[in-house]
Amino acid sequence: MSNQTTTSIFAPITVDLQRSADGGWRSVLYDDVYFQRNHALDESRYVFLEKNRLYDRLAAHHAKNDARAVFTIGELGFGTGLNMLLVIDLWRDLFAKQGNSASRLHLISFEKHPILRDALANVYAEWPTLEKSCRWLLANYPPPCGGMHHLHDDNLNLRLTLVLGDIGATLPDMAGDGTIDVWFLDGFAPLKNPAMWHNDLYAHLFRLSRAGGTLSSFTVVGKVRRGLTAAGFTVEKTKGFGIKWSMTVGHKPDGHQAIQKPQRIAVIGAGIAGASVARALALRGCEVSVFDRHGEIAAEASGNPRAIVYPKPTADDAPSGRFSLMAFCFAEALYHHLPQNIWQQTGVLRLMLDAQKIQRAQKITAFHGYPDALCSWQEKTAFNHPALLHATGGMLDAAALCKQWLGHPRITLHLGTTIDQIPVAGFDATVVASANAARHFAVLADLPLQPLRGQVSSLKPTAVSQNLRQVICHEGYLTPVVDGWHHAGATFQKEGPTQTTSHTDTIRPQDNLENLETLNTHLRGFGFGAGDLGPARARYRATTPDKMPIAGKLEGAANIYVC
């Protein structure tokens, strides 16, 4: 059973569903129904799809067959997800009837009180015509943790961004002025949910809307229509659906020029950061050239045998904890679709080795109330230490993933190529994703990067260790058997390569023994000995003083970005 709390922004208050008097579904929290009984699909199609002319607009967008073209729909009030499911089903139908298209669809929905997955499954059982889209959403549905969750279907060039949290805090922070084509305003009635219907939010809807963008809503409350009008929308009443006499539609007047997006991008670095950026840009229609001074992909730390993937929550609502959680949820959703030889969702067991760590871990789970699949407290383990279990964590072959992502047809690789200066001539923007080597550029010489040498050791499995199924983290880590070897590591030495050593560095026998000693100190039962040591790999990571990543546009520089 999940831990219970309502204090953390990471764990929004989930909403309980009840059957309404007519047999439909209602929210206990808001004492309001989600839709008209027996008319849910027809009502939502009428109010949101038909009144925003989505059948024709999405068909025209699909026909463009242009990866640079993105149609974006925003929604206030995800609820059961019905409106978004209908849009996804329409988009899926266009692929079936008109063939594949490179054009992209981005759905963004805000929800303060998410419905849990099992409850959604009960609702979806009543919508067999949406079965494919319902199954996809349930398979990718995020844990009830506040923040932005990105759900992808690359086969349909579709992304659903589900924003969990208070709309008053999340909507004002949204970037992307002038990019939303359609708004669905589908919160509960203004009298029962006044926090979602006020002038400050209408101003942000207008800011984010594309010129000519449209909106629709069930409600015709005068205060809402006047607020939307004051924000700049042209608003009118029109005929409602079924027992509802009227509804609201509106649009943002034309006259604003669209922003020109970069087309040709240079990415420096072919590790996990560079490959991730290159893939994301290629999926958005950019022509990407990836440069790396090494003759192979993921030659640095990204090429280590396995990367261990889990969140690092904080004991309070610190930004670093929020970032780690959202990054993990995003990564797990992305890796979920990878082949098993690249991503293994083994779970990660993090042993708490002293009283201070135990106290902190208990505080984390008590304060945040994470779902058990994301983070749970394990008082007793087979290793004589309590632990945090991240059941959805695992291990990643990052090098194989980089090769897969960099194989996109809009990505051109230039390996064994040294870039002397940035921005790179002939490109609209340059992204530097070369870890410690970023400081070689004069414009980035002040980045607070610290080289950190790490050596990973391989070990032959013992009669006991061969049964290990989870990644175990202590002062180092131990993986389950991969291609005949465990991988254990890694050492931490605050040093960088010298002029006489390459990025590969020399394997140090004493580092293998250090990994072995650390492992046997905390995982005594496996019985590893020096004779079990096998191949090793040493590379240099790039770390920062606050342990947070560096990402974003370089201040004062034209079209230079770092990640």
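Predicted model: local features only at pLDDT ≥ 70, side-chain atom pairs only at ≥ 80, totals over all residues.
## Overall architecture

The protein chain contains 13 helices and 28 strands, and its C-alpha trace spans about 80 × 60 × 40 Å along the principal axes. For 563 residues a compact globule would have a radius of gyration near 24 Å, and the 26 Å of the protein chain agrees with this. Of the 563 residues, 52% count as buried.

## Salt bridges

The count of salt bridges comes to 13, among them a pair formed by the side chains of D511 and R453, with an N to O distance of 2.6 Å. Because D511 belongs to helix α13 (residues 509–522) and R453 to strand β22 (residues 450–459), this pair ties together parts that are 58 residues apart in sequence. D511 is buried, with a relative accessible area of 3%, and R453 is likewise buried, at 0%.

E495 forms a salt bridge with R508, the closest N and O atoms being 2.7 Å apart; both residues lie in the loop between β25 (486–489) and α13, so the pair ties together parts that are 13 residues apart in sequence. E495 counts as partly exposed at 27% relative accessibility, as does R508 at 21%.

In the salt bridge between R45 and D42, the closest N and O atoms are 3.7 Å apart. R45 and D42 are 3 residues apart in helix α1 (residues 40–50), which means that about one helical turn separates them.

## Positive surface patch

On the surface, K312, R360, K494 and K547 gather in a patch of positive charge. K547 is found in the loop between β26 (533–543) and β27 (552–553), and counts as exposed because its relative accessibility is 66%, where the cut-off for exposed is over 50%.

Definitions and conventions: Residues numbered from 1 in each chain as written. Heavy atoms only, no water. Patch = residues over 30% accessible without salt bridge, like charges linked within 9 Å, V, L, I, M, F, W, Y side chains within 5 Å. Areas by Shrake-Rupley, 256 points an atom, 1.4 Å probe, with all protein chains shown as cover. Salt bridge = Lys/Arg side-chain N within 4 Å of Asp/Glu carboxyl O. Lys, Arg positive; Asp, Glu negative; His and termini not counted. Charge placed at Lys NZ, Arg CZ, Asp CG, Glu CD. Helix = DSSP H or I, 4+ residues; strand = E, 2+ residues; numbered from the N terminus. Buried < 20%, exposed > 50% of the residue type's maximum accessible area, 1.4 Å probe, protein only. Rg over C-alpha atoms; globule rule 2.2 N^0.38 Å.
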